[in-house]
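Please open the model in a viewer and keep the sequence at hand.

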Amino acid sequence: MTRRHGVFLLTALFLAPAPIAAQQHPAVVRAKAAYDALDFSRAITAARNALQQERLNAADQILAYEVLAYSYGVLDSARQAVDAFKELIFLDPDREPDVERVSPRITSLYASALGQVLVVRRLVVDSASFVAGEGSVPIHFELSRAGRAVTRVVGQGVELVVDSLLASGSTTARWDGLLPTGSPVPPGEYQVIATANEGRNEFSATTRLRVTHSAVDTMPHLTSLPGYTVLPEMETPPRDWRPLGIAVLYAGLSSAATLALEDTDLGGGVRPAILGVGVGSLLTGFVMSLKKPDPRPNQGNILYNQLLREQIAQRNAQIAVENDQRRRQVTLAILPISAN
Amino acid sequence: MRPVVGFVWLVLISSPSQMMGQAIRVGVHGVAVTHSEVTSALKANGLGVGGLLGLRVGRFGFEARGYWADLDSDRSDGTGFAILQVDGRAHFVVARSVAVEVGAGRRFIDPEFATQEIGIFRVGILSEYPLSSIATVWGRGAYLIASQFSGGGTAGLAVELGLGTSVGTPDGRVKALGEFEFQRFDREVRRQDVPLQAMVVRFGVEFGFR
């Protein structure tokens, strides 16, 4: 065994080829079969022939470049492997070698290729729901290297530039879902286009999302304030002898004054009247003292309740204003649409 | 003009809540009257009927009342007579339970010269206090000024005192009342004392309207 063959065998053993998904086109199938059979030279030939001579669809092209890149990698043809990976990256930036199943060398070659091209990868839009003008939806993506990233949203007759910034690696643009006029975008499907620019190089990645409108929830009016309760405005005082005391005072003063002013020389007739009405008054006072007292207004509680009602009224006025604004607002629900 | 301006001013200073508390009262009374003149020998007693119409507007109260009574003399040879007494009163509440009261009254006698017919003006105090939501007690005292007598003369001391109590429904629609009203006139005619004294006891019912 020559030294060259030994290196090849070692490389073949350690850098086991990754499994490649089955494809329809026979030329690509042949290249994959050669790759699976560890006949990397034939795999390279078959893949190149398929790419040069056959009309392949995008998926087949991706697989052909992948067979090519992996085979070059296994055969230590680094430059060709990187070139094949570049083509692969341009076709499908999100397709990466599975680090669990391919050798670190191939991963390293992929990373080298990625560093030489400017592409937008992993473009993802989060789900979000917010009141138009009061929130935004994050749009995440990665730039393979430093460049200007322009994020646009297109659809429903609208084209909006969400953000334009110099970035490298992972970055996030935030879309508020508003038109330049400040109105929310119409409901429907939109395409999010993230474009990376560097000199003449330009690469775009797209994804789709759906915008729906719904009414903003309004707040219910308050009937009470948390932690504050309405106090009883009428309170029944304890039973007392005040009515009898008042009756004694009135009857005593009036009777005494009348008796003092009575001219006794003019005969009687006064005292029975005083006695009758006076005793009637005292009896009335006595009965009213025994009677359960009537509820009386509690001024402190009345004032407290008045302040409480004023607070509730003020808060309800604020709620009414806020609800009025909310009724004119729209909740935007933004959902990414799966590529599948 | 000044009294009118004063009245308007009083109406204006009355609190709105009290102004809203308008009430009309109509009452029917049975009366027992004791009337004495000069000496105990000229004492007469009798029963009669009376009535009342009252109006309360805020701090103001107006009242027209009267009674008619047929009196018999205590003496076997004395002659009886009938009294028709009419009074008008107005009061203004100056503090809780205290009102200033003014008014005028006229006492007619039939037959005409059986005893003195009297005309009076009064200025006094009316104090009314609620014992509960259904019972009230009141007292009044007034000085009777410029008393006029059909037989002439003047009264150096002329006073009126009263005490009353009522029990009724909480809304004031109906109430029963008992009241006495005492009047004394120290009348002098040509330096001769010819005093007059009267006690009127009323029992009756009153109806209130809003």
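Begin with Arg190(B), which counts as exposed because 7 C-beta neighbours lie inside 10 Å; a residue is exposed with 12 or fewer other C-beta atoms within 10 Å of its own, buried with 20 or more, and partly exposed in between, the C-beta atoms being placed from the backbone. This is a predicted model, in which local features need pLDDT of at least 70, side-chain atom pairs count only at pLDDT 80 or more, and totals for chains, interfaces and linings use all residues. Residues are numbered from 1 along each chain as its sequence is written, while chains are lettered from A and ligands numbered from 1 in the order in which they are written.

Arg190(B) is found in the loop between E9 and strand E10 (192-193) of chain B; helices (H or I, at least four residues) and strands (E, at least two) are DSSP runs, numbered from the N terminus. The phi of Arg190(B) is near 50 degrees, a positive value in a residue other than glycine. Most residues other than glycine have a negative phi, and most peptide bonds are trans.

Next, select Pro111(B), in the loop between strand E5 (98-110) and strand E6 (118-130) of chain B. The peptide bond that joins Asp110(B) to Pro111(B) is cis, with omega near 5 degrees.

Move to chain A and select Gln156(A), in the loop between strand E3 (137-155) and strand E4 (158-175). Here phi is near 55 degrees, again positive in a residue other than glycine. Gln156(A) counts as partly exposed, because 13 C-beta neighbours lie inside 10 Å.

Now select helix H8 (residues 270-290) of chain A. Its buried residues include Val270(A), Ile274(A), Gly278(A) and Met288(A).

Which elements do the buried residues of H8(A) pack against? Select helix H7 (242-261) of chain A, together with strands E1 (23-37), E7 (135-149), E8 (154-168), E9 (174-189) and E11 (196-209) of chain B.

Finally, display H7(A) with H8(A): they pack at an angle of about 170 degrees, with their axes 7 Å apart. Axes are lines fitted to C-alpha atoms, for helices over the stretch in contact (C-beta atoms, placed from the backbone, within 7 Å), and angles run from 0 to 180 degrees between N-to-C directions.

Definitions and conventions: The expected span of a helix is 1.5 Å times one less than its number of residues. Two residues are in contact if their C-beta atoms, placed from the backbone, lie within 7 Å.
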